[in-house]
Amino acid sequence: MTRCDVAIIGAGPYGLSAAAHLRTVRGLDVHTFGEPMSFWQRNMPLGMLLRSGWAASHIPDPNQSLTLEAYRAASRHHFSTPVPLDRFVDYGLWYQRQAAPDLDRRKIARVEADAKGFRLTLEIGEAVLARRVVVAAGIGSFAWRPPQFAALPNSLASHTSEHRDFQRFAGKQVLVIGSGQSALESAALLYESGAEVEVVARGRQINWLGGLVSRTIQHGLGSRVSKLLYAPTDVGPAGISQIVARPDLVRRFPRPAQDWLRKRSIRPAGARWLVSRLQNVPIKLGRSIISASPLGERARVRLDDGSDRTIDHVFLGTGYRVDVSKYEFLAPELAKSISRFQGYPRLSEGFETSVPKLHILGAPAVWSFGPLMQFVVGTHYASGSLLRFIAGKAVGNQVPVSGPLVAELG
Ligand SMILES: Cc1cc2nc3c(=O)[nH]c(=O)nc-3n(C[C@H](O)[C@H](O)[C@H](O)COP(=O)(O)OP(=O)(O)OC[C@H]3O[C@@H](n4cnc5c(N)ncnc54)[C@H](O)[C@@H]3O)c2cc1C
């Protein structure tokens, strides 16, 4: 049976960056599992543009050499911001080839606690024993389907993450639910694919990123004031952006303040470059769906203003609700023993759960480390923190850290 010191589950930005950082701990045997960048390749729409800016879209590595600029130079693809999805996926694969070349693409089917750590069962039945496990499995398991749509089969109502190519909706009537980036960008792409689209959202207004306030600050008040109010992490509004860019600071706030910072920073919002692409798409705001049922081959949807629609398909741009017990690979007893709040694990230093040596990175860490963790830019903090924690333990066992991070580890 294979044994390792650390098993990383997931090869998206968080898993890859964690792998790159932990490789610097000499003598630490790290195995990384998962299809690299698979969520970005399979669950995001063709033609999508990244909402995060250039500086917030690097996947960090300890030598700071695997940046988007380095990839652009190496690949000779000319692109800038907004970063196109296909370029970002290719960047992630380029990063993986260098930072985690020995990645094991197989899926982990089961993780169970074992006397000496954890027993991981691969989908083909082989087992791996790991002393420590880092879960970096993303949000794919948390796609939220509101109960009002329970009566509709998947052929009539599906989550935005289930679609890659929108061409099959050409000539169809499609209702998009939601006013976040996924909903709005799906509506634009559906319209551009020839569908007849309407957007319905509960919010009374759409929060456009880079709105009047931020544009006035950024252009009117000059770059110095702008830099004071907005961190390069690109998460959160003026002022708040600087606070949430510092997860160590966020953790010191009382719980209600942390919750407020989180809500202010990751409320549904759309990138400004979507405004012109949506000018011919009707958007009904301040309305909820009260019922939805099949009507022959189509769906009938009733709104709370008494109106109804009969359409070909409903696109649920209804986001994701973190609940780590929905990670199917976590054995139920193990999932149960993770201390949680509303589905989020309570994490301590080094992103460790209440189960010793079990760590969780990415969006599930938002409750403990703030809104940065929902985005690629959070990998800088997460990987550094994980490395310091694990290397600190490893140093106790005479496993030294090599490379430029020795100084940082102090
Ligand atoms: C439509 C959309 C647009 C977005 N745009 C942006 C953006 O512009 N900028 C930004 O910063 N963020 C964006 N995000 C958020 C983005 O999803 C996260 O920032 C990022 O994916 C987090 O990386 P991750 O490594 O945690 O998860 P993921 O990228 O989802 O990676 C998880 C990995 O885990 C693997 N995995 C899962 N289960 C297993 C298993 N059992 N065994 C082995 N491997 C497993 C998967 O195959 C996958 O490779 C967007 C999200 C959506 C839905």
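How many of the eight residues of E1 are buried? Six of them are, so E1 is largely enclosed by the rest of the structure. The model described here is predicted.

## Strand E1 and its partners

Strand E1 covers residues 2-9 and is joined by seven bridges to E5, the two strands running parallel. Along this pairing, alanine 7 stands opposite valine 133 in E5, and isoleucine 9 stands opposite valine 135 in E5.

E1 also pairs with strand E2, which spans residues 30-33. This pairing is in the parallel sense and runs over four bridges.

## Strand E5

E5 comprises residues 127-135. Eight of its nine residues are buried, so E5, too, is largely enclosed by the rest of the structure. Besides its parallel pairing with E1, E5 is joined by four bridges to strand E4 (residues 117-122), and these two run antiparallel. In this pairing valine 128 of E5 is the bridge partner of leucine 120. E4 and E5 form a hairpin with four residues between them. Glycine 125, located in the turn, has a positive phi of about 100°.

A further pairing links E5 to strand E16 (residues 358-360), in the parallel sense and over three bridges. Here valine 134 has histidine 359 of E16 as its bridge partner. Strands of a sheet pair through backbone hydrogen bonds, either parallel or antiparallel. For E5, the pairing with E16 is parallel, while that with E4 is antiparallel.

## Helix H1 and serine 17

Helix H1 is made up of residues 13-22. Ten of its ten residues are buried, so the helix is largely enclosed by the rest of the structure. The buried residues include Pro13, Tyr14, Gly15 and Leu16, as well as His21 and Leu22 towards the other end of the helix.

Serine 17 lies in H1. Its relative accessibility is 0%, and because buried means under 20%, serine 17 counts as buried. What does serine 17 touch, leaving aside its neighbours within four places in sequence? Its contacts are Ile59, Pro60, Tyr95, Thr379 and Ser383.

## Packing of H1 on H4

Two packed helices are described by the angle between their axes and the distance between the axes. H1 packs with helix H4 (residues 85-99) at an angle of about 25°, and the axes lie 10 Å apart. Angles under 35 degrees count as roughly parallel, so H1 is roughly parallel to H4. The crossing of H1 past H4 is left-handed.

On the H1 side, the contact is made by Pro13, Leu16, Ser17 and Ala20. On the H4 side, it is made by Phe88, Gly92, Tyr95, Gln96 and Ala99. By type, the residues of this contact are six nonpolar, three polar and no charged. Ser17 and Tyr95 both belong to this contact, and Tyr95 is also listed among the contacts of serine 17 itself.

## The five-stranded parallel sheet

Five strands form an open sheet with parallel pairing, in the order E6-E13-E7-E8-E9. Its edge strands are E6 (157-159) and E9 (283-284), each of which pairs on one side only. Within the sheet, five bridges join E7 (residues 173-177) to E8 (residues 196-200), and the two run parallel. Valine 174 stands opposite valine 197 in E8.

Helix H5 (residues 181-192) packs on this sheet, touching E7, E8 and strand E13 (313-316). The direction of H5 makes about 165° with that of E7.

## The three-stranded antiparallel sheet

Another open sheet consists of three strands in the order E10-E11-E12, with antiparallel pairing. The edge strands are E10 (289-295) and E12 (308-311), and each pairs on one side only. On average, neighbouring strands of this sheet are turned by 20° against each other, direction ignored.

E11 (residues 298-303) is joined to E12 by four bridges, the two strands running antiparallel. In this sheet, valine 301 stands opposite arginine 309 in E12.

Technical notes. Residues are numbered from 1 along each chain as its sequence is written. This is a predicted model: local features need pLDDT of at least 70, side-chain atom pairs count only at pLDDT 80 or more; totals for chains, interfaces and linings use all residues. Side-chain values use heavy atoms; hydrogens and water are left out. Buried means under 20% relative accessible area, exposed over 50%, partly exposed in between (1.4 Å probe, protein chains only). Two strands pair if DSSP finds at least two bridges between them. Axes are lines fitted to C-alpha atoms, for helices over the stretch in contact, and angles run from 0 to 180 degrees between N-to-C directions. Contact means heavy atoms within 4.5 Å. Angles under 35 degrees count as roughly parallel, over 145 as roughly antiparallel, 65 to 115 as roughly perpendicular and the rest as oblique. A crossing is left-handed if the near helix is turned anticlockwise from the far one by less than a right angle, and right-handed if clockwise. Ala, Val, Leu, Ile, Met, Phe, Trp, Tyr, Cys and Pro count as nonpolar, Asp, Glu, Lys and Arg as charged, and the others, Gly among them, as polar.
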